[in-house]
Every structure is written in C-alpha cells, then in structure tokens.
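Here is a short report on helix packing and charged pairs. Start with the view below.

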Amino acid sequence: MASPYSLLLISCLVVVLDSSSHFQVSEAQALPPVVKGLSFSFFSKTCPQLENIVRNHLKKVFKQDNGQAPGERDQIANGGMRTEALKTIDDLRGLVHKACGNIVSCADITVLAARDAVFLSGGPDFAVPLGRKDGVTFNIEGTNKLPSPFSNTTQTIKTFAEKNFDVIDVVAFSGAHTFGRAHCGSFFNRLSPVDPTMDKTLAQNLKATCPDRNSQNTANLDIRTPTVFDNKYYIDLMNRQGVFTSDQDLLNDQRTKGLVNSFANDQNLFFQKFVSAVIKLSQLDVLTGNQGEIRAKCNVINKKKSVLTSVVEEVVEFTNQF
C-alpha cells in the first residue's frame with residue numbers, strides 16, 4: 001500500500017452538490033451505543049499507558065515504513081496481510097504486556113492500532129471502547145460473504161445490512177479507500193472493455209499499468225492523495241475516477257449518490273460518519289468478560305502449537321474490503 005496506514009480506508013477539485021440526488025446528510029448522528037462489557041475507560045486504572053504505548057510505537061513504524069498498516073491488504077486477492085503489519089501488532093502486544101501484564105487482548109490492540117493509523121495518516125482522532133477478548137477459534141466463513149470489488153451498490157448494501165449497517169455506514173466505510181493499492185485483477189473488468197462510467201484518462205493510465213488482468217502491478221485507489229486519509233476519494237468518484245466497480249457505483253446509485261456528494265464537499269461530515277461506522281464495526285460480535293482469552297501471541301490460539309490465521313485479520317478484513 002502506498003499510504004502510511006486500516007481497519008476498516010481512504011482533492012484538488014471543487015464539487016457542487018447534486019440537487020437531484022435522493023439522499024443528503026445535514027447533521028452529525030450520535031455515536032453508536034457501547035456494547036455491554038466494553039468501556040471507553042476499561043483500562044484507565046489497570047493499564048493507563050496503553051494508548052500512549054500503541055501510538056508512540058506506531059509513530060516510529062511510520063517513520064520506517066510509510067507503506068505499512070495494521071490489517072493492510074492488497075485488494076482482490078486479500079490473500080494475506082503484510083508480514084510487517086502482523087509483526088507490528090504482535091510487537092505492540094509485547095510492549096503492552098510487558099508494561100501492564102497479560103491483560104490486553106490482541107483484538108483491542110488491533111482496534112487501537114487501526115484508530116491511530118487513521119489519525120497518523122491525517123484522519124480524525126477518536127476514542128474507541130475497549131475490553132474485548134480474543135477468540136479461541138478461527139472463523140473465516142464470514143469473510144467469504146463480503147462484497148467484492150466487482151459488487152454493485154445493491155449487493156454491497158445488502159451484505160452490510162445483514163450486519164445491521166445502514167447506507168450511511170456503507171458509504172463511510174468505502175471512504176477507507178482514500179488510501180491503499182489494488183492489484184490489476186480487481187479492476188481489469190472495467191478496462192476491457194472500458195467502463196463508460198470511468199474517466200477516459202484514468203482508464204488510459206490504468207491500462208498502461210495493467211496490460212492484462214494477470215499483471216502483478218498495482219494502482220492507487222485514490223489518485224489525488226493516496227497517502228493521506230481525507231475525503232478526496234469521494235472527489236475521485238464525483239469525477240468518475242473510482243477504481244473499483246463497487247466504488248464508482250456509489251455515485252451511480254440514487255441511494256448513495258447524495259452521500260458521496262455530501263462527503264466530497266464536507267470532510268468533517270465524512271470524518272463524523274466514518275468514526276460512527278468504525279465504532280459500530282469494532283463492536284461487532286465481540287467477546288467480553290469470561291468469553292474468549294487474552295492471547296500470548298496474536299496469531300496463535302493459546303495452547304496451540306500451529307500458527308493460524310491471525311485474529312487481527314478477522315478484526316480488520318471486514319473494513320479493508322471498503
């Protein structure tokens with residue numbers, strides 16, 4: 001990835017709101033309720049230095065590698081989180097457990113790292129509820145049901161709705177494509193033949209990068225500010241410069257077009273909705289209290305010798321599709 005950092009995403013052009021669109025946002029919505037067992041002050045007494053440890057370490061990582069993000073993936077294959085990102089999460093676990101003991105889960109550390117990744121890349125800073133436990137099994141079935149880069153808006157909305165996310169959440173999550181890169185195979189369907197909804201210059205540039213769908217080259221998802229978390233992704237869409245089918249179709253669908261317009265014109269509004277969606281996402285199907293475990297190593301279930309797919313991937317894969 002080109003950007004210096006998550007979870008879940010993410011201009012130089014002035015965009016005018018389309019008065020004919022059916023969906024407009026005018027005011028911030030309240031943050032979602034906190035799930036029972038989680039709290040914004042969960043570690044205030046037992047590990048008060050937790051958030052400073054995570055943020056300070058990530059600042060160092062940023063200086064060394066502006067392409068790493070916890071949970072960062074190359075789109076389509078989604079074939080594997082970068083080894084460096086997995087190592088960063090486990091390094092954070094080591095630092096936190098050394099300072100506070102084995103009381104903070106890899107799931108909580110991942111959520112904090114994703115939040116700080118957004119902030120350190122230019123995005124909003126916000127509090128996240130903590131108190132999660134790590135799973136004692138690995139379940140990848142849910143990730144197989146995620147909408148793909150080829151999905152249209154109807155398919156995307158339907159998939160998110162099954163997890164109680166609304167249309168605003170869908171468009172806000174998509175803004176995570178304000179940074180990141182994609183393999184040719186994830187968007188070549190729009191190049192051969194050329195999708196009429198794609199800007200011609202962008203299509204020419206992408207064709208030069210991707211002579212065929214099997215090319216191992218990659219392209220930025222946000223052509224304006226690919227290393228900054230901002231609202232330029234939506235400006236890309238307004239100018240028919242979205243890379244994925246699932247991206248550009250947000251402007252074509254009347255249920256989401258107004259939100260794209262609103263976020264393109266108001267970065268603070270996008271940040272507000274993104275934060276709300278991320279907090280909701282971070283509390284999805286969480287384990288708390290006596291459930292689950294605190295892992296001694298983030299990519300291994302306690303008392304298991306085999307190295308398994310990391311819980312980190314489970315937490316962030318849902319976000320990184322959008």
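## Packing of α4 and α5

In this predicted model, T156, I157 and F160 of α4 contact V167, V170 and F173 of α5. By class, this contact has five nonpolar residues, one polar and no charged ones.

Helix α4 covers residues 153-161, and helix α5 covers residues 167-174. Their axes come within 9 Å and cross at roughly 110 degrees. Angles of 65 to 115 degrees count as roughly perpendicular, so α4 is roughly perpendicular to α5. The crossing of α4 past α5 is right-handed.

## R55 and D116

The structure holds 16 salt bridges. One of them pairs R55 with D116, with the closest N and O atoms 2.7 Å apart. The pair links distant parts of the chain. R55 sits in helix α1 (residues 50-64), D116 in helix α3 (residues 106-120), and the two are 61 residues apart.

Buried means under 20% relative accessible area. R55 is at 15%, so R55 is buried. D116 is at 0%, so D116 is buried too.

## Other charged pairs

D236 and R224 form a salt bridge at 2.4 Å, N to O. D236 lies in helix α7 (residues 232-238), while R224 lies in the loop between β2 (218-220) and α7, so the pair ties together parts twelve residues apart in sequence. Both D236 and R224 are buried.

R295 and E293 also meet in a salt bridge, at 3.7 Å from N to O. R295 and E293 are both buried. Elsewhere, salt bridges with shared partners join E51, R55, R115, D116 and D125 into one network.

Terms used:
Residues are numbered from 1 along each chain as its sequence is written. This is a predicted model: local features need pLDDT of at least 70, side-chain atom pairs count only at pLDDT 80 or more; totals for chains, interfaces and linings use all residues. Side-chain values use heavy atoms; hydrogens and water are left out. Axes are lines fitted to C-alpha atoms, for helices over the stretch in contact, and angles run from 0 to 180 degrees between N-to-C directions. Helices (H or I, at least four residues) and strands (E, at least two) are DSSP runs, numbered from the N terminus. Angles under 35 degrees count as roughly parallel, over 145 as roughly antiparallel, 65 to 115 as roughly perpendicular and the rest as oblique. A crossing is left-handed if the near helix is turned anticlockwise from the far one by less than a right angle, and right-handed if clockwise. Contact means heavy atoms within 4.5 Å. Ala, Val, Leu, Ile, Met, Phe, Trp, Tyr, Cys and Pro count as nonpolar, Asp, Glu, Lys and Arg as charged, and the others, Gly among them, as polar. A salt bridge is a side-chain nitrogen of Lys or Arg within 4 Å of a carboxyl oxygen of Asp or Glu. Buried means under 20% relative accessible area, exposed over 50%, partly exposed in between (1.4 Å probe, protein chains only).
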